Amino acid sequence: MDEKKLGLRNVISVSVGLIIATSTLVQLGQGAGTAGEMFIPAMIIACVLNMITMATLSELNAIMPNVTGGLAQYTLAGIGPIPTIVLMVGGYMVSNILSCGVEASIFAYAMGSVLKINMPNYLWVVIASTIILIANLRGVDMFARIQDLVSYLMLGSMLVMGIIGTLKLGTGKIVSQPAVVGTPTPLSIVSLTAIGFWLFIGAEYAIPISKDVKNAKRNVPLGMFMGLGIICIVQIIMIFGFHNYTRWDDLMNSAAPHMLYGQALFGKAGQIWMCIVSGLAVVSTQNSTVQGLSEIFAGMSYTNLMPQFFGKMNKNKVPFIGCWIITIGILICAYISQNSSDRISFLIQVGSVFWMASYAVANIDLLVFRHRLPKAPRNFKVPFGPVLPCISIAGIVFMIANISTDPVERNQILMVTGIITAILFIYSIFWIRIKMRIPLFKPVPIDKVLAMENPMYYKIRKYRGIWK
């Protein structure tokens, strides 16, 4: 695209687009129900850890600017093709499609609960997914207009509902309960960062659109930081509102805590309001995912890490096949998770583990580049040397180890993620050996990875018989 069309406002809306989700509100209810207002310190820690990773991704983008696949290409140049395929397909495709499917199923449940129309709830998922798919196939302008509108409406709704609850201005009955659940210890509060992590996941979706952003070296990192900070403040206000109108144990056991809160705040009117929020959330989340993930897959196809059809563009320069495949995957996951709070919670946590692992790899990539290319030009650099990336990696490992407070559920989550990782590992070995014909773990030089953005690179390699 010749003209830069997106500004700081657009970056913020894309950054918060995946974060503002009803699946996030489920985790917010879980955390608040577990510790009450003492969940707020865990949220702040999780937000800071995510900000560190966004800073890491900003420096990686400064070293390898405007690569379409983002983290996939950073990892290919940093630690090699096997981790790239395993963690990018697992960390992005699996976790994104799972989270969007969950989001869509919560939206369908909300619509069915409020409207009481004689039709399957799942039909709402099909309607919303079709509209979002068509909008994304129209290109970046349509995507940006929808994302701005939906993100800021969603943010505004959450902020207003939180303020009303905090100031006790609702028409519902005010609940009398302690601000803190039980007697949390510093260790137990830190352990809750595993739940808090999901509340800030996905701000890096601003990276793939950086090529369309005016003054990207300033607006992309600043937009991601501002988006995370805004979300943190809004969610803290929501917790204060929860305290006044919903019992902590009810929040923890609810599959749709936002609906519970809305009803407690304003009765049927509040329930309808939060149903609208659910609709905005599914549009915001799925819109960001379809656009961002299709761009990432297109970038991976340029490096032959994924099939070449992911890089095919329509007349609006949109990787349309990726948009279609991602939408179909979301529809399947939404069908699996519908009408089950246990499945919804489990799928969120499985996706969270994969996403955490991909964030850890981003920080490892940065440490590798710092060692290998200490003097490479950068217009953004994470301060304090290796300290912040190492803190982020340690925090992520801790959160994965404490992904659930229930030992049985934690083992099940880790078992499922382990099985998926093993399948991806076997697939990646065959793909790299047969299609790419490069060493499994040897990093690809940065200049080659950057050259792969040119479609001629693949054609020449294919002509010479290097790639099939």
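A salt bridge is a side-chain nitrogen of Lys or Arg within 4 Å of a carboxyl oxygen of Asp or Glu. In this predicted model, a search of the whole structure finds two of them. E59, R370 and R378 are linked in a network of these bridges.

**Salt bridges**
- E59 and R370 meet through their side chains, at 2.8 Å from N to O. The pair links distant parts of the chain, with E59 in helix 3 and R370 in helix 15 (residues 341-372), 311 residues apart.
- E59 also forms a salt bridge with R378, where the closest N and O atoms are 2.7 Å apart. R378 lies in the loop between helix 15 and helix 16, so this pair ties together parts that are 319 residues apart in sequence.
- E59 has 0% relative accessibility and therefore counts as buried.
- R370 is buried at a relative accessible area of 17%. R378 is buried at 19%.

**Helix 3 and helix 16**
- Helix 3 (residues 39-63) packs against helix 16 (residues 387-401) at an angle of about 130 degrees. Their axes are 9 Å apart.
- The two helices are therefore oblique to each other. Their crossing is left-handed.
- On the helix 3 side, L49, I52, T53 and T56 make the contact. They meet L388, P389, I391, S392, G395 and M399 in helix 16.
- The residues of this contact divide into six nonpolar, four polar and no charged.

**Helix 4**
- Eight of the eight residues of helix 4 (residues 71-78) are buried, so this helix is largely enclosed by the rest of the structure.
- Among the buried residues are Q73, Y74 and T75.
- G80 follows helix 4 and has a positive phi, near 110 degrees.

How values were computed:
Residues numbered from 1 in each chain as written. Predicted model: local features only at pLDDT ≥ 70, side-chain atom pairs only at ≥ 80, totals over all residues. Heavy atoms only, no water. Axes fitted to C-alpha atoms, helices over the stretch in contact; angles between N-to-C directions. Helix = DSSP H or I, 4+ residues; strand = E, 2+ residues; numbered from the N terminus. Parallel < 35°, antiparallel > 145°, perpendicular 65-115°, else oblique. Left-handed = near helix turned anticlockwise from the far one by under 90°. Contact = heavy atoms within 4.5 Å. Nonpolar A, V, L, I, M, F, W, Y, C, P; charged D, E, K, R; others polar. Buried < 20%, exposed > 50% of the residue type's maximum accessible area, 1.4 Å probe, protein only.
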